[in-house]
Amino acid sequence: MLQVDAFTPVPLAGNPAAVIFTHRGGDEAWMLAVATENFLPETAFLEERVGESVDNDAAWDIRWFTPKAEVALCGHATLGAAHALWETGRVPRKSRIT
């Protein structure tokens, strides 16, 4: 798990979000439990779509949870997730993420 701060280059400023790389296949109860324990505004869960890349671009599924429920979209957690993919080397910096 990584904690990122979106919209700022300064640690512990901006909008915080957790980013978790998972292979659990959409276990909603587990994701909600983790987000509840994190107690951050949003937790983004990323799972790679193996064998589904297009033109060598990375393909990932993303789901967002608050401590209370899954939400349809979260901008700052999405940006944080992209940053985490690049920073951890899961996706080369020059690659698109779809």
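**Figure 1. Glu-28 and its salt-bridge partners in the predicted model.** Glu-28 is partly exposed, with a relative accessible area of 43%. The structure shown here and in the following views is a predicted model. Arg-63 forms a salt bridge with Glu-28, and the closest N and O atoms of the two side chains are 3.8 Å apart. Because Arg-63 belongs to strand β4 and Glu-28 to helix α1, this pair ties together parts that are 35 residues apart in sequence. Arg-63 is likewise partly exposed, at 22% relative accessible area. A network of salt bridges links Glu-28, Arg-63 and Glu-70.

**Figure 2. The salt bridge between Arg-49 and Asp-61.** Five salt bridges are counted in the model. In this one, the side chains of Arg-49 and Asp-61 meet with an N to O distance of 2.8 Å. Arg-49 lies in the loop between β3 and β4, and Asp-61 lies in strand β4, so the pair ties together parts that are 12 residues apart in sequence. Arg-49 counts as partly exposed at 25% relative accessibility. Asp-61 is partly exposed as well, with a relative accessible area of 40%.

**Figure 3. Arg-24 with Asp-27 and Trp-30.** The side chain of Arg-24 meets that of Asp-27 in a salt bridge of 3.1 Å, N to O. The charged end of Arg-24 also sits over the ring of Trp-30, 4.2 Å from the ring centre. At 42% relative accessibility, Arg-24 counts as partly exposed. Asp-27 is partly exposed too, with a value of 29%.

**Figure 4. The ring pair of Phe-21 and Trp-60.** By the rule applied, the model has three aromatic pairs. In the pair shown, the ring centres of Phe-21 and Trp-60 are 6.0 Å apart and the planes stand at 65°, so the arrangement is edge-to-face. Since Phe-21 lies in strand β2 and Trp-60 in strand β4, the pair ties together parts that are 39 residues apart in sequence. Trp-60 is buried, with a relative accessible area of 9%, whereas Phe-21 is partly exposed, at 22%. The ring of Phe-21 also has the charged end of Arg-90 over it, 3.6 Å from the ring centre.

**Figure 5. The aromatic cluster of Trp-30, Phe-45 and Phe-65.** Ring pairs link these three residues into a cluster. Within it, the rings of Phe-45 and Phe-65 have their centres 5.6 Å apart and their planes at 90°, so this pair is edge-to-face. The pair links distant parts of the chain, with Phe-45 in strand β3 and Phe-65 in strand β4, 20 residues apart. Both Phe-45 and Phe-65 are buried.

**Figure 6. The largest nonpolar core.** This core has 14 residues, of which Val-19, Leu-46, Trp-60 and Ala-77 touch the most other members. At least two residues of the core come from each of β2 (15-21), β3 (43-48), β4 (60-65) and α2 (75-87). Helix α2 supplies the largest share, four residues. With residues up to four places away in sequence left out, the contacts of Val-19 are Met-1, Leu-2, Val-4, Ala-44, Leu-46, Gly-80, Ala-81 and Ala-84.

**Figure 7. Glu-42, a buried residue without a salt bridge.** Glu-42 is placed in the loop between α1 (28-38) and β3. Glu-42 is buried yet has no salt bridge, and the nearest side chain of opposite charge, that of Arg-63, is 11 Å away. Not counting residues up to four places away in sequence, Glu-42 touches residues including Pro-16, Ala-17, Ala-18, Trp-64, Phe-65 and Thr-66. Val-71, Cys-74, His-76 and Ala-77 are also among the contacts of Glu-42.

**Figure 8. Thr-66 in the loop between β4 and β5 (70-71).** Thr-66 counts as buried because its relative accessibility is 17%, under the 20% cut-off. Leaving out residues up to four places away in sequence, Thr-66 touches Leu-32, Ala-35, Pro-41, Glu-42 and Val-71. Thr-66 and Glu-87 are 21 residues apart in sequence and 23 Å apart in space, C-alpha to C-alpha.

Definitions and conventions:
Residues are numbered from 1 along each chain as its sequence is written. This is a predicted model: local features need pLDDT of at least 70, side-chain atom pairs count only at pLDDT 80 or more; totals for chains, interfaces and linings use all residues. Side-chain values use heavy atoms; hydrogens and water are left out. A nonpolar core is a set of buried Ala, Val, Leu, Ile, Met, Phe, Trp, Tyr and Cys residues joined through side-chain atoms within 4.5 Å. Buried means under 20% relative accessible area, exposed over 50%, partly exposed in between (1.4 Å probe, protein chains only). Contact means heavy atoms within 4.5 Å. Rings of Phe, Tyr and Trp (its six-membered ring) pair if their centres lie within 6.5 Å; planes under 30 degrees apart count as stacked, over 60 as edge-to-face and the rest as tilted. A charge sits over a ring if NZ of Lys or CZ of Arg is within 6 Å of the ring centre and within 35 degrees of the ring normal. Lys and Arg count as positive and Asp and Glu as negative; His and the chain ends are not counted. A salt bridge is a side-chain nitrogen of Lys or Arg within 4 Å of a carboxyl oxygen of Asp or Glu.
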